[in-house]
Amino acid sequence: MYKRQTDPFVQIQQQGKICSHYRISRKDFDLLCKITEAKNSTPQSHVFSLTDFLSQSTDAIDWILPGMLPKGEMALLAAQAKCGKTLLACDIAYAVLTGTKAVGETAKQGKVLLVSSDESQSSTRRRLYARGFDLISNPDHFRILTHLDLSDLSTLEAQLEDFRPDLVVIDSLTSITLNSSISEKDAELSLIH
């Protein structure tokens with residue numbers, strides 16, 4: 001709750017209460033926060049021989065879209081400009097919302113969060129109408145975030161926590177990094193999955 005708090009005054013009050021309750025200094029609190037964040041956001045490295053790695057048990061993959069989108073993992077849809085990436089992502093989102101087919105596979109029905117930073121709200125609205133999103137039986141399973149600012153991910157984090165989408169579509173990486181010093185190759189983008 002402390003890290004998700006967007007009001008700095010409330011965050012400072014919560015920090016004070018936590019420090020008082022556990023009888024720790026603010027410096028120690030900040031250090032504990034950094035350690036906890038590092039543990040929760042940085043995967044642990046393991047080194048295996050090929051034989052050991054291949055002999056480990058394999059968990060069944062829970063697919064959102066069989067053979068294409070495993071649940072809980074990130075996939076990148078990359079191709080040349082203007083070849084239909086947004087249309088395909090829209091079709092997949094629709095299939096997940098309705099439990100219907102996309103690219104020949106039946107999607108597992110679930111919630112979808114669309115981050116639409118690449119086009120105007122009017123264009124996004126027109127695209128959703130054209131695909132039939134206005135006719136879906138569960139409109140509360142679809143949310144749209146019209147802008148993503150990589151310097152402040154609190155809105156996205158709040159949506160992920162509150163809404164718990166099965167699929168998040170970010171359109172596009174180029175648009176969310178356009179006015180920042182962050183490149184698509186930077187570690188900051190690994191936070192978005």
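**Labels and their grounds**

Mentor: This is a predicted model. Three strands form an open sheet, in the order β6-β5-β7, with parallel pairing.

Trainee: What makes β6 and β7 edge strands?

Mentor: Each of β6 (142–145) and β7 (167–171) has a single partner strand, so one side of each is left without a neighbour in the sheet. From one strand to the next the twist averages 15°.

Trainee: How do you know that β5 pairs with β6?

Mentor: Two strands pair if there are at least two bridges between them. Four bridges join β5 (residues 112–116) to β6, so the pairing holds under that cut-off. The two strands run parallel, and L145 in β6 is the bridge partner of V115.

Trainee: Which residues of β7 lie on its covered face, and which on its uncovered one?

Mentor: L167, V169 and D171 are on the covered face, while V168 and I170 are on the uncovered one.

Trainee: Which helix lies across β5, β6 and β7?

Mentor: Helix α4 (residues 85–98) does, running at about 160° to β7.

Trainee: How do you know that the length of α4 agrees with its 14 residues?

Mentor: At 1.5 Å a residue, α4 should span 20 Å, and its end C-alpha atoms are 20 Å apart, so the two values agree. After α4 comes G99, with a positive phi near 70°.

Trainee: Which residues of α4 are buried?

Mentor: The buried residues in α4 are A89, C90, I92, A93, Y94, A95, V96 and L97.

Trainee: Why is Y94 called buried?

Mentor: The cut-off for buried is under 20% relative accessible area. Y94 has 16%, so Y94 is buried. The charged end of R131 sits over the ring of Y94, 3.9 Å from the ring centre.

Trainee: How many aromatic pairs are there?

Mentor: The count comes to three. A pair of aromatic rings is described by the distance of the centres and the angle of the planes.

Trainee: Why is the pair of F48 and F53 called tilted?

Mentor: Planes under 30 degrees apart count as stacked, over 60 as edge-to-face and the rest as tilted. The planes of F48 and F53 are at 55°, with the ring centres 5.6 Å apart, so the pair is tilted.

Trainee: Why is the pair of Y94 and F133 called edge-to-face?

Mentor: The cut-off is over 60 degrees. Y94 and F133 have 70° between their planes and 5.5 Å centre to centre, so the pair is edge-to-face. Y94 lies in helix α4 and F133 in the loop between α5 (121–131) and β6, so the pair ties together parts that are 39 residues apart in sequence. F133 is buried, with a relative accessible area of 8%.

Trainee: Which residues form one aromatic cluster with Y94?

Mentor: F133 and F142 form one aromatic cluster with Y94. F142 lies in strand β6.

Trainee: Why does F142 count as buried?

Mentor: F142 has 14% relative accessibility, and the cut-off is under 20%, so F142 counts as buried.

Trainee: Which residues does F142 touch, not counting residues up to four places away in sequence?

Mentor: F142 touches L97, V112, L114, L128, F133 and F163. The C-alpha atoms of F142 and K111 are separated by 5.9 Å, although these residues are 31 apart along the chain.

Trainee: Which residues are buried in helix α6 (residues 154–163), and what covers them?

Mentor: S154, L156 and F163 are buried in α6, and their cover includes β5 and β6. R164 follows α6, with a positive phi near 55°.

Trainee: How many helices and strands does the protein have?

Mentor: Seven helices and seven strands. Buried residues make up 26% of its 193 residues.

Notes:
Residues numbered from 1 in each chain as written. Predicted model: local features only at pLDDT ≥ 70, side-chain atom pairs only at ≥ 80, totals over all residues. Heavy atoms only, no water. Axes fitted to C-alpha atoms, helices over the stretch in contact; angles between N-to-C directions. Contact = heavy atoms within 4.5 Å. Expected span 1.5 Å × (residues − 1). Buried < 20%, exposed > 50% of the residue type's maximum accessible area, 1.4 Å probe, protein only. Phe/Tyr/Trp six-rings, centres within 6.5 Å; stacked < 30°, edge-to-face > 60°. Lys NZ or Arg CZ within 6 Å of the ring centre and 35° of its normal.
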